[in-house]
Amino acid sequence: MTTGIPDAGQRWRCSGCGNLTRFDVTRTRRTTEFWHFDLGGEPRVEETEVREESIKTVTCRWCGRSDAIELVPRHHAVDPAEPTGTLDTGAGLTGRP
Ligand SMILES: [Zn+2]
């Protein structure tokens, strides 16, 4: 299973153990770099532009699984312990005849 790169509203979550924060990422990047050599010939990369990027595997640091990583919305993941059923959208609790 290939996992996508999380965008600004997403993050990774390991559905095997619940890990949200630590992953080993193997990825391929094609970049254009600005190499600046000093007078001694020592190069330094001063700018990197990513032309293409693809994720090969994302592995959970905790349980080692790479087949259980999923993209989840960030606001869901931040507070996983929040009890369900307190939402205002819980129709059915009050609307019954
Ligand atoms: Zn895990």
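Predicted model: local features only at pLDDT ≥ 70, side-chain atom pairs only at ≥ 80, totals over all residues.
Colleague: What makes Asp24 count as exposed?

Modeller: Asp24 has 11 C-beta neighbours inside 10 Å. The cut-off for exposed is 12 or fewer, so Asp24 counts as exposed.

Colleague: Where does Asp24 lie, and which residues does Asp24 touch beyond four places away in sequence?

Modeller: Asp24 is in strand 2, and the residues touched are Thr59 and Arg61. The C-alpha atoms of Asp24 and Arg61 are separated by 6.3 Å, although the two are 37 residues apart along the chain.

Colleague: Why are Trp12, Cys14, Val58, Cys60 and Ile69 called a nonpolar core?

Modeller: They are called that because a nonpolar core is a set of buried residues of types such as Val, Ile, Trp and Cys, joined through C-beta atoms within 7 Å. These five residues make up the largest such core. Strand 1 (10-14) and strand 3 (43-60) each give two or more residues to this core. Val58 touches Trp12 and Ile69, among others including Phe23 and Val25, with residues up to four places away in sequence left out.

Colleague: How much of the protein counts as buried?

Modeller: Of the 97 residues, 6% count as buried.

Colleague: What is the order of the elements from the N terminus on?

Modeller: The order is β-β-β-β-α, with four strands and one helix.

Colleague: Where is confidence lowest, and where is it highest?

Modeller: Helix 1 (residues 74-78) is lowest, at a mean pLDDT of 67, and strand 2 (residues 23-37) is highest, at 97. The protein averages 85, and 75% of the residues score at least 70.

Note on methods
Residues numbered from 1 in each chain as written. Buried ≥ 20, exposed ≤ 12 C-beta atoms within 10 Å, placed from the backbone. Contact = placed C-beta atoms within 7 Å. pLDDT = per-residue confidence, 0-100.
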